[in-house]
Amino acid sequence: MNLSPVAALVAGLFVFGAGSVYAAEAPTVEELQQEVARLKAELAARDKAAAEAAGLSTGAAAPAVEAPVAAEAAAEKDAKTQELEKVVVRSRPKLARVADVPQSISVISGKELESQLALDIGAISQRAAGLVRNVGNSRTASLAMRGVGKITQTEAQDVSVGGIIDGVSIVYPPLLSFNFYDVDTVEVAKGPQGTLQGRNFNMGSVTINTRNPSFTPDANWSIALGQNQTVISQVAGGGPVIDDVLAWRGALIVEKGNGPYTNNYNSDNSYFNKDRVSGRIKLLFTPTSDFSALASVEVQPNGAEFYNGGTVKINPPATFTNGNSTYDSSIDNATRLNRDWFRRQNNGENFYYGGLYLNNPNPTTNQQLPLYTYTNNASLQLKKNFENFDLTSITAGRRYHFGASNDSEGTPFAVSLNGGGKVEEYKQFSQEFRLSSKPGGKVDWQTGFLYWHNQVMFGQQSLNAGWGQDAGAWFANQAQYDLLDTDSAGRQLLTDSLNGMGKTSAQKIVNRSKAIFGQTDWHVTDQFTLTTGARLTYENRTNETSSLIVNNGSGGALNPAVKNGVQLGGFNSNDAGVLGTNTAAQLALADQVAQRYFGVSAYSLLTPDQRRQVGTAKAIRNGQIGTLWNQVNAPEYRKAYPGFNISPSYKFNEDQTGYFTVQYGQKGGVAQVVNGKPVLAKAEKATSLEVGLKSVLFDKSLIFNTGVFNTGIRDYQQTVNQLEASGTVVTYVGNAPKVTIRGLEFDGAYTGIRNLTARVSGAYTIAKYKSFPNAPVPAEYQPNSSATPGPTARDVSGSVLPGASRYMLNIGAEYRVPVFNQLQAHGSFNSAFQSGYYSDANLSAYSWIKKHWTTDASIGIGRSDQKFDVSLIVKNLFDDDTPQNQTLSTYVPAIPRWFGIQFSGKM
């Protein structure tokens, strides 16, 4: 006997989350019981009708030959009903089928993610077409939706696509860079958000809900062993402490493993390795039937992962766009590595440009250290049910740390030391209150208030960060190198010009946000519902920055006297070493330089060639110092801005619902300092129109939701170029006047074949700059040093946005079949397709990433009661080698195919 249509539907929707799953804002136990009772009654009624249609009386026994099959179907139906009770996400003011929500929403079950070891936001994005994780390390990665979101990351800038984790909004991308485990559901909502809860996101949100405590004891575990010495262990469980009063749930994950690429300098260091340990505990307190408290604490200790430095150097093209040669003999890396300075090092081994430097996925770098990150999170959710409404309070705090130590030039020489940024501490606090109506009336509403505060302390990795003893020989142009690499005094000046110098650009960013919001469903008739929502957000943003030398190293005496108002303690001289106007103290310092390097008592005793050597060393140092400034406050951003949505929907029949949505949202402006000057980027404003149809077809075995959308963005926040009066070109976060995005999306789930559940989702998107006249120029537009200066900006109006693929497709399926007694064999796969896109924000022709598929798969066998299971899991099954990112002279290689075996079970 086949599954009833509703039971089959429930099976597919739970496993693949693309249809009649349920979306709710913290539903009460009473609401869940009522909804489950209704569904069970519906299942019973449909089974009765089916039985009668087959000539069977519900009061009579079925033929004996049919009994085992009928029992099997009934057991499966009950199991699917129990699964349905668990599928609850918090995004609506009451229990509502996703099919009835007038918005494009995709839901992914935690069960699917666990079965294929899909643990991070990148894996989640491969299961929801239209959502993309833009490659980067744990600090610089970002999310994009509908082609929007690939930006140059800054601590002062909000995101277009945010996260919501257990009801707490996330606007800082690094907080989404850790593992997600013991997940209940993931919901991807598209278009401007913010009238229901939390922070406002003007392109969409990803809501991740982890499993909550239950008064029914349960426990599950898994351990995966795989290539590159990978070990992934998970355990989760809980139950009552005091029956019906206090329950707990704990979860722990440990993921350790080497990366697929190794540092030739130190084989213990491998790139894209995993070093993650995280634990979470939740307590649910229900002293009365109308009050509950849910407390959660999560800790991920400091972990070390090599996500910077896994970059392959490639030979740039022969010429720039303007026809000039890309080869500049004064600063080209091939020339640098051919200098005697470097050829006589490396223990006699020849580290040459065309060999160990180029096309080597296993680089040889001596200063590359891992990224160190940790995060601690805590939240408390209180809910009180009154007679006519419910009150919810969510209090949450998060902390995050990031430290990078990079070898930016990618050689075994002491050029860069501990380079990279450091988030000394990120702190976030939020307090949210929500009032929501009781379900079942003509009007369902929810309103709320949010206070949100974060602070970022960002700067250099350490006082030891900066330049090493080989940096002078590396950064000197050929003429400078030839002048200094002639005698011992010149070589010492070449060493001391940069050795040990450290510079930091520190920021203290404080953002405060207050918002009121509300949304109402007006049930005009049984078929017609009008959803309206509004939001008013007030932002207050400040940014204090400075850019200073924090360590003079060996060459402090070679500093300029002053730079951009910052006193550096050096003496005044030109590039030829001729002294300018100096104080007595500055002249004494010049005499010390003469004595130290040339053994004479006074600077005036130096020969012209010796003075030129001093001037050249000072020029090398000055060039790397760059722009300095004392503490400057960015222009304070203070502004209130609105958001709203209007969404009529009409239920044509039980299985067909159409909707039309108008959504408007804003992203706050950016308070920043550019080369010591305060600059304010305008707020970003997005208006989205969407028309969609949600359908249940073929006797409820196919759920298919589709929609078309058109989004316009004014003042899109993006990097821009500006030519200053001094002739210097500065790049910073500014605004592209207009961006347009339009396209079509669909989600489907199919359960019409017994034992098979399948889903598909896709997106066709055209995302373009409608107007962007001052975009930064890509690398191929830059001439070499002897050519005529190239353009300082270019007009990319009409060009596609970076990171925006025209086509995206996701296909997944799972097949389960009984094989012996209580055993089931099962297999599943997930394939994600992405058409070509520019991986560089400046739209470099050399950053084009070709279209590609990525497929994960698993096959296994286990008990039908899930007490034990063993699966072979393969990630990147077909070993797709499409780069993650690419520039004119580098690329980030793909993560190659990985095999592992996972053992799991319930206790």
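In this predicted model, the lining of the second largest cavity divides into five nonpolar, six polar and three charged residues. The volume of this second largest cavity is about 150 Å³. Of the 14 residues that line it, those closest to its centre are Ile165, Asn179, Phe180, Glu298 and Asn377. Strand S16 (274–288), strand S17 (291–305) and strand S19 (369–385) each contribute at least two residues to the lining of the second largest cavity.

**Cavities**

In the whole structure, a search finds 17 cavities of 30 Å³ or more. The largest cavity holds about 380 Å³ of space. Its lining comprises 36 residues, of which Gln103, Pro192, Gln193, Gly194 and Thr195 are the closest to its centre. At least two lining residues of the largest cavity come from each of strand S9 (183–190), strand S10 (204–210), strand S26 (528–551), strand S30 (637–653) and strand S31 (656–667). With six residues, S30 provides the largest share of that lining. By class, the lining of the largest cavity has twelve nonpolar, 20 polar and four charged residues.

| Largest cavity | about 380 Å³ | 36 residues | twelve nonpolar, 20 polar, four charged |

**Chain as a whole**

The secondary structure of the chain amounts to 13 helices and 46 strands. The chain has 907 residues, and 56% of them count as buried. Among contacts between residues at least 6 apart in sequence, 71% join residues at least 24 apart.

Helix H12 covers residues 584–598, a run of 15 residues. From its first C-alpha to its last, H12 reaches 21 Å, close to the 21 Å expected at 1.5 Å a residue. The buried residues of H12 are Gln586, Leu589, Ala590, Val593, Ala594, Tyr597 and Phe598. Viewed down the axis of H12, these buried residues fall within an arc of 145°, and they therefore line one face of the helix. That buried side packs against helix H11 (488–496) and helix H13 (608–625). On the face of H12 turned away from the buried side are the exposed residues Ala584, Ala585, Gln595 and Arg596. Gly599 follows H12 and has a positive phi, near 70°.

The 18 residues of H13 should span 26 Å at 1.5 Å a residue, and the distance of 25 Å between its end C-alpha atoms agrees with this. Within H13, the residues Gln613, Val614, Gly615, Thr616, Ala617, Lys618, Ile620, Arg621 and Ile625 are buried. Just after H13, Gly626 adopts a positive phi of about 65°.

**Asp485**

Asp485 lies in the loop between helix H10 (478–484) and H11. With a relative accessible area of 17%, Asp485 is below the 20% cut-off and therefore counts as buried. When residues up to four places away in sequence are left out, Asp485 touches Trp341, Arg344 and Arg491.

Note on methods
Residues are numbered from 1 along each chain as its sequence is written. This is a predicted model: local features need pLDDT of at least 70, side-chain atom pairs count only at pLDDT 80 or more; totals for chains, interfaces and linings use all residues. Side-chain values use heavy atoms; hydrogens and water are left out. Helices (H or I, at least four residues) and strands (E, at least two) are DSSP runs, numbered from the N terminus. The expected span of a helix is 1.5 Å times one less than its number of residues. Buried means under 20% relative accessible area, exposed over 50%, partly exposed in between (1.4 Å probe, protein chains only). The arc is that of the directions from the helix axis to the C-beta atoms. Contact means heavy atoms within 4.5 Å. On a 1 Å grid over the protein atoms alone, a cavity is a set of points where a 1.4 Å probe fits but cannot get out, and a pocket is an open set with protein on both sides within 12 Å along at least five of seven lines; lining residues have an atom within 4 Å of a point. Grid points are joined across faces, edges and corners, and a volume is the space filled by probe spheres set on the points. Ala, Val, Leu, Ile, Met, Phe, Trp, Tyr, Cys and Pro count as nonpolar, Asp, Glu, Lys and Arg as charged, and the others, Gly among them, as polar.
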